Amino acid sequence: MKDTAQTVHLSDYMAPRWLVESVALTFRLSPDATRVLARIAFRPDPDAPQQPFMLHGEDLELIDARIDGVAVSPTITAQGLTCDVPDRPFVWEAEVEIAPAQNTALEGLYMSNGMYCTQCEAEGFRKITYYPDRPDVMGVFSVRIESDLPVLLSNGNPVAQGAGWAEWHDPWPKPAYLFALVAGDLVAHSDSFTTMDGRDVALNLWVRAPDLDKCAFGMAALKRAMTWDEQVYGRAYDLDVFNIVAVDDFNMGAMENKGLNIFNSSAVLANQATSTDTDFQRIEAIIAHEYFHNWTGNRITCRDWFQLCLKEGLTVFRDQQFTGYLHGHAVKRIEDALVMRNRQFQEDAGPLAHPVRPESFVEINNFYTVTVYEKGAELVGMLKRLVGDVGYHAALDHYFDRHDGQAATIEDWLTCFTDATGRDLSQFKRWYEQAGTPRLTVSDDFKNATYSLVIRQETPSTPGQPDKRPLHIPVAVGLLDHSGAEIVPTTLVELTEATQTFTFNGLDARPVPSILRGFSAPVIVDRTPPDGERAFLLTHDTDPFNRWDAGRSLARDVLLDLIRADGGPLDAGYVDGLRAVLLDRDLSPAMQALMVALPSEADLAIALAEAGETPDPQHIHRVRRDALRQLAQALADILPDLQAAQRIDAPFAPDAAQAGKRALSNALLGLLTWLDDGTAAKAQFDTADNMTQQIAALGILLTFGQGEAAAEVFYDQWHHDRLVMNKWFAIQIAAADRAQAVEIATRLARHADFDWKNPNRFRSVIGALTGNQAGFHRPNGAGYAFVADWLIRLDPVNPQTTARMVSAFDSLQRWDSVRQAAMRAQLARIRDTPGLSGDTAEMVSRLLT
Ligand code: B3K
Ligand code: ZN
């Protein structure tokens, strides 16, 4: 345990004096007394500044230490150990004892259902042995595992095995955070892949025997990802085996350990009966993401943890491209923009705001955020727009050629773009350094056949960054005439000044502008469109993203008006627009499903707060529900036929075309339920042969207060399946009426199947309540108290998952003074808990400042 929280600063970076040539580890596995023997060949880097020899280590019992075979007595500190060493290459040997069965934090070596597994990123390797646990120290690892368990895995290629032991060797130098070990009673779903360089790779997905029927989709997704990375980035796999292991107890989605990816079972196991289309898409994306890390993260890693976005932003961007290729780029862009607007913009606007490359941290695990990941990916996308596709791939080729085998920085990355394209990116670099979401205020004018757009940019201050400088922002613009024809196709204008004017000459009439096409930059556009413009764009915009966005912003304004007026009739123009969308045969069902979805309750609260008003979550919930009722009644004549038209007669496939139809069908079913008293939803629940339709029907019935019996049937059907049970817990809370959500969560937290030490199950109950806005933000503070109670209980067991969920309080500035005070009181209660972890303490203190 770290006893004093220390802030680490980017500006303090110092190159390591002691480099690792090779590491040989032996594990003698035992639940309460595992012995780890390490033999590490160190050499001094003559170019690095002199520093005392220090190895990180936490919760280790040192049995024995030697240098070049001679016993030494290092000084043990809270962070590790120091020792006098010769100023020349030497061999360090140490034996330590650890207790994986007692490791509930799920970081380092731990146990899950009788199997051993590891999670080392970011700083978990120091809980396994004493080591320079920093990403710029890369070594070649050999591993021997001794255990009676049948399957013994580590990184790299298998070398030899016998009864009770196995040896592995990873030829690629790597930082310790990519180390992994698994030992368990597992079976493999196996396949193979031949790379473009002719290497035959054995592929294995290791699971517990009852899960073998949930492996085929993940394996197929892996092969699609391997092919795509060869075709699009020219990157092939570089070992003889690629192993994936599914683990039930895992703090996040998955981990890209070299040659041995470890996955939360919810992020890899799937089949038609137990998984929704959303699960399939998420699994495909995560498998691709971890696989893509093999180049962007593993072959080229990060110099230090401040550079986290170097691997995460780029790898998210790559997995977004991959999903877009499989599921349609327009639909994917909308999904990604929703994540940015609903989650990242909120982080950027609240007390947890930080730059994509943070400048300081206490606990790096608290910075695996939507800002580092998703905004980090947006920065890659902007670079690509600025330099074009050819420039982008030239820059990436430079990056892979120059930095292979290195631990790199954002400076290295940007230099590759400059060298490949000649573009000066010094102003663009501010995106990495400056937190907050830029707001573009746009006005326009038409005179003498010239249309001008005046764009002003402003980034609000964020914690620690009161003053912001102008950013280099790519804004994609198109102009339409009044018949909907495109008179200026998508054009990229580059905003670099605080205010800039862009002109388009030789136009016959004032055009209709379509601004920020494809969501070309992660910014907020502030513009009051003339009456009718959004309805026009909803019907005519040739850019699918902006077409959707026009409908979305229209819907938001319609709902905001209703909220302010405390109800009333739904705007007829909006209803007509939606009707046209639903009847438009040129739109895909997936796109129609996105367009028919109303802005979420959180969306509406955010919009009100942005307008300087104080949202009332219960009121928003009521008005939005009434809007849905009105929409259903207004579209009553077309809903049944439309829904019937989405029927799929072909056998189930988790592909984009079928998923789009099911998404639209379920959206329509939600509306139909206002009209048929749940008959169609009940029928769908009873007859569904796939989880997408079964759980959607259950959710709808629960929303209408008719789901109790169905929830029981569902439990009887699925209580043996832990992944489906996570859904069962979560949906009852997510769909609960505002007045009952806390009570339902309280009841479910007493359920015999609520295993709160399992992060997935904890998130399914406690996390689900934080996602039910009207339920969590009850004015009496019961939601806050319930969540705080559980966070206080979980913290000593699993600080990482606790700290992550504390961010549910991030929205506090949005609410009225009573709710704010109640939220602060609960945060203070967490803060004052004796023995609180450093992880949670950092989050709470950032929220309370
Ligand atoms: N790199 C891991 C995340 C590790 C999180 C450590 N707290 C998964 C990923 O982004 O691929
Ligand atoms: Zn990642």
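**Reading a predicted model, feature by feature**

Biologist: What does Ala 449 count as at 29% relative accessibility: buried, partly exposed or exposed?

Modeller: Ala 449 counts as partly exposed, because its relative accessibility is 29%; buried means under 20% relative accessible area, exposed means over 50%, and partly exposed lies in between, with a 1.4 Å probe and protein chains only. Keep in mind that this is a predicted model, in which local features need pLDDT of at least 70, side-chain atom pairs count only at pLDDT 80 or more, and totals for chains, interfaces and linings use all residues. Residues are numbered from 1 along each chain as its sequence is written, chains are lettered from A and ligands numbered from 1 in the order in which they are written, and side-chain values use heavy atoms, with hydrogens and water left out.

Biologist: Which peptide bond is cis, with omega near 0°?

Modeller: That is the bond from Glu 121 to Ala 122, and Ala 122 is placed in the loop between β11 (115-119) and β12 (139-146).

Biologist: Which residues coordinate the zinc ion (ligand 2)?

Modeller: Donors are N, O and S atoms within 2.8 Å of the metal (3.2 Å for Na, K and Ca), and a site may look incomplete, since water is not among the atoms. Here the zinc ion (ligand 2) is held by His 289 through NE2, His 293 through NE2 and Glu 312 through OE, at 1.9 to 2.1 Å, and along the sequence these donor residues follow the spacing H-x3-H-x18-E. Both histidines are buried: His 289 has a relative accessibility of 8%, while His 293 has a relative accessible area of 0%.

Biologist: How many residues surround ligand 1, and which are the closest?

Modeller: A residue is near a molecule if one of its heavy atoms lies within 4 Å of it; 14 residues surround ligand 1, and the closest are Glu 121, Glu 256, Glu 290, Asn 365 and Tyr 373. Three elements, β20 (254-255), α2 (277-292) and α3 (308-327), each give at least two residues to this shell.

Biologist: At what distances do the side chains of Glu 121, His 289 and His 293 approach atoms of ligand 1?

Modeller: Glu 121 places a polar side-chain atom 2.6 Å from a nitrogen atom of ligand 1. For His 289, an N or O atom of the side chain is 3.1 Å from an oxygen atom of the ligand, and for His 293 a polar side-chain atom is 3.2 Å from an oxygen atom of ligand 1. The protein covers 94% of the 330 Å² of accessible area that ligand 1 has on its own, computed by the Shrake-Rupley method with a 1.4 Å probe.

Biologist: Which residues are buried in helix α16, and which are exposed on its other side?

Modeller: In α16 (residues 679-687), Ala 681, Gln 684 and Phe 685 are buried. Seen down the helix axis, these buried residues fall within an arc of 100°, so they line one face of α16; the arc is that of the directions from the axis to the C-beta atoms. Thr 679, Asp 686 and Thr 687 are exposed on the other side of α16.

Biologist: Which side chain does Asp 584 join in a polar contact?

Modeller: A polar contact is a pair of N or O atoms within 3.5 Å; within protein, one must be able to donate a hydrogen and the other to accept it, and residues adjacent in sequence count only if both atoms are side-chain atoms. The side chains of Asp 584 and Arg 547 are joined by such a contact of 3.1 Å, and a polar side-chain atom of Asp 584 also lies 2.7 Å from the backbone nitrogen of Asp 586. Asp 584 belongs to the loop between α10 (572-583) and α11 (589-596) and counts as buried at 19% relative accessibility.

Biologist: Is Leu 516 buried or exposed, and is Asp 47 buried or exposed?

Modeller: Leu 516, in the loop between β30 (512-515) and β31 (524-526), is buried, with a relative accessible area of 3%. Asp 47, in the loop between β3 (34-44) and β4, is exposed, with a relative accessible area of 74%.

Conventions
Helices (H or I, at least four residues) and strands (E, at least two) are DSSP runs, numbered from the N terminus.
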